[in-house]
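I shall take a few places in the chain in turn, beginning with a loop. Please look at the model first.

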Amino acid sequence: MWKHIAANAMTLGIVGIVVLIGLIQIGKSQWSEPGPLAEPTFFEVPRGANLTQVSSALERQGIIVSDSVFRLGVRYTERDDEIKFGTYEIPARATMPEILDIITAGGPSVFPYTVTHLLRASGPEVRVRERQPGSSDLIEIATFVPGVDPVPEAYTALVESGEPITWRISVAPGLTSWEVIEGLKSADFLTGAEELGVPAEGTLAPDTYEVARGAEAGTLIDRMQDAQERVIAEAWANRAPGLPLADPLEMLTLASIIEKETGVAEERALVSGVFVNRLNQGMRLQTDPTVIYGVTEGRGSLGRGLRRSELDRMTPYNTYLIDGLPPGPIANPSAAAIRAAVDPAETDYVFFVADGTGGHAFAETLAEHNENVAAWRAIEAARESVEN
C-alpha cells in the first residue's frame, strides 16, 4: 500500500514538474514573442501607478496577453521601480521587453492631442490637432483667433474630456517683446501673463515651447530669456574677426534688423554683409523696419507704409537720419539671424530692395540700385491696379 502511495506521489510530482516547466516555457514565449496589439496605440502610466496597476491596464487595453507574465518578467529583470509616469506610443505587435523599455525610458510624453498657441506678427492663433498612433501626420480639429473668433466646441469638449494634451507656445521670429507679452495674455492655459512687464527687446528666443496647463507665464519668459542668452553667448564667442560691432548688444541689434528685413533663410548672410559694408564705409543703414520701430515703439505693426513725415522725423531709430546702429534691437531675432550678424557673407553689395518674389535684388552701385527700385515700383503699381 505504501509503495502504491509513494508511486502515485512520485507520478504526481513528475507531472507537476512537467506542468511547471510547460508554464515556464509558455511564460517565456509570451514574454518575448510579438504582442497582440494590431495597431499602434497610446498608453498612459498615471502618476503614482504601481506595477500591478500598469500591467493590468496593459492587458485590459489588449497590449499584452498576460499581466502576470509581464509582472514576473519585470520583477525578474529588477526594473519594477524604473517605470515612469507619462503617455507613451506603443507600436503594433510590441513585445513585453519592448514595452518595458518604452515605459521606463521617460522623456516628454507623447500625447494624441496638441494645442499650439501661435504668436505671429498678425496676431495670435490657436491650432488644435490630433495625431494618430504610428503616424506623424496631424489632423486639424479646430483653428481660431482667441478673443476674435468664437471658441470652437471641439476645443472646449477636448479640454473638458480630460484627454492628455500637449500644450505649446510657438513664438515666431521677429516679434517685439511687447507683442510676445500681449500674445501670452490670450493663452487661456497660462497664468500670470497679465502681471508681466515687457522684457528688454531682443532677449526672448523665438521657438516652440512645451508647457503644462496652468503654467506661469513668467516661468516661460525665463525659459525664453535663458535660451536667448545661450544663443547670444555662443554667437559672440564665434564671431568673425573685424566686425564693426562693439559688443553683444550691437550684434543683437543688427540681428534684429536682419530678421525684419528678410524672411528668406538664404538671404540672411547677404543682408548682413550689406549692413556690415555700410557700417564699415560710414554709410547710413537706411532701413525701414528701424524707422517703423521708432514710430510704434514696438507696440504692434504699423499696418501701412511709412509716410514722408515719418521718414523725416528724428527718432533714435531713424537710420535714414542717424549714423550707425540704433540704440538697441527692434525685435526678438532668431538664432539664425544672430549667427548671420556675426558671420556675414563676403560681398561688395551695399544696396538691396524687394524683387517681388519675397526676396531682394542686390546691387553694388547706386545706378544698379535705382534700376532695381524702378523694377520694384513697377511691380507695386501693377499689383495696385489689379487690386483696384
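Predicted model: local features only at pLDDT ≥ 70, side-chain atom pairs only at ≥ 80, totals over all residues.

Let us begin with Glu78, which is found in the loop between helix H3 and strand E2 (86-90); helices (H or I, at least four residues) and strands (E, at least two) are DSSP runs, numbered from the N terminus. Residues are numbered from 1 along each chain as its sequence is written, and side-chain values use heavy atoms, with hydrogens and water left out.

Glu78 has a phi near 60 degrees, a positive value in a residue other than glycine. With a relative accessible area of 63%, Glu78 is exposed. For these terms, buried means under 20% relative accessible area, exposed over 50%, and partly exposed in between, with a 1.4 Å probe and protein chains only.

A second residue of this kind is Gln286, in the loop between H9 and H10. Its phi is near 50 degrees, again positive in a residue other than glycine, and Gln286 is partly exposed at a relative accessible area of 40%.

I turn now to helix H2. Which residues of H2 are buried? In H2 (residues 51-60), they are Leu51, Val54, Ser55, Ala57 and Leu58. These residues lie on the same side of H2 because they cover an arc of only 160 degrees around the axis, the arc being that of the directions from the helix axis to the C-beta atoms. Their cover includes strand E1 (41-45), helix H3 (67-76) and helix H4 (96-105), where contact means heavy atoms within 4.5 Å. At the N-terminal end, Asn50 caps H2, with a side-chain oxygen 3.2 Å from the backbone nitrogen of Thr52. After H2 comes Gly62, whose phi is positive, near 75 degrees.

Helix H9 (residues 268-281) has 14 residues. H9 is mostly covered, with 10 of its 14 residues buried, among them Arg268, Phe275 and Arg278. The cover of the buried residues includes helix H8 (248-261), helix H12 (335-342), strand E10 (351-354) and strand E11 (360-363). H9 is followed by Gly282, with a positive phi near 75 degrees.

Next, consider a charged residue. Glu179 belongs to helix H6 (residues 177-185). Glu179 is buried yet has no salt bridge, and Lys260, the nearest side chain of opposite charge, is 5.5 Å away. A salt bridge here is a side-chain nitrogen of Lys or Arg within 4 Å of a carboxyl oxygen of Asp or Glu; Lys and Arg count as positive and Asp and Glu as negative, while His and the chain ends are not counted. Not counting residues up to four places away in sequence, Glu179 touches Ala121, Gly174, Gly298, Gly300 and Ser301.

Gly174 itself sits in the loop between strand E6 (165-171) and H6, and counts as buried at 5% relative accessibility. Leaving aside neighbours within four places in sequence, the contacts of Gly174 include Glu259, Lys260 and Asn332.

Finally, Thr290 is found in helix H10 (residues 288-296). Is Thr290 buried or exposed? Thr290 is buried, with a relative accessible area of 0%. Leaving aside its neighbours within four places in sequence, Thr290 is in contact with Ile257, Tyr317, Thr319, Pro326 and Ile330.

Key
Polar contact = N/O pair within 3.5 Å; in protein donor to acceptor, adjacent residues only side chain to side chain. Expected span 1.5 Å × (residues − 1).
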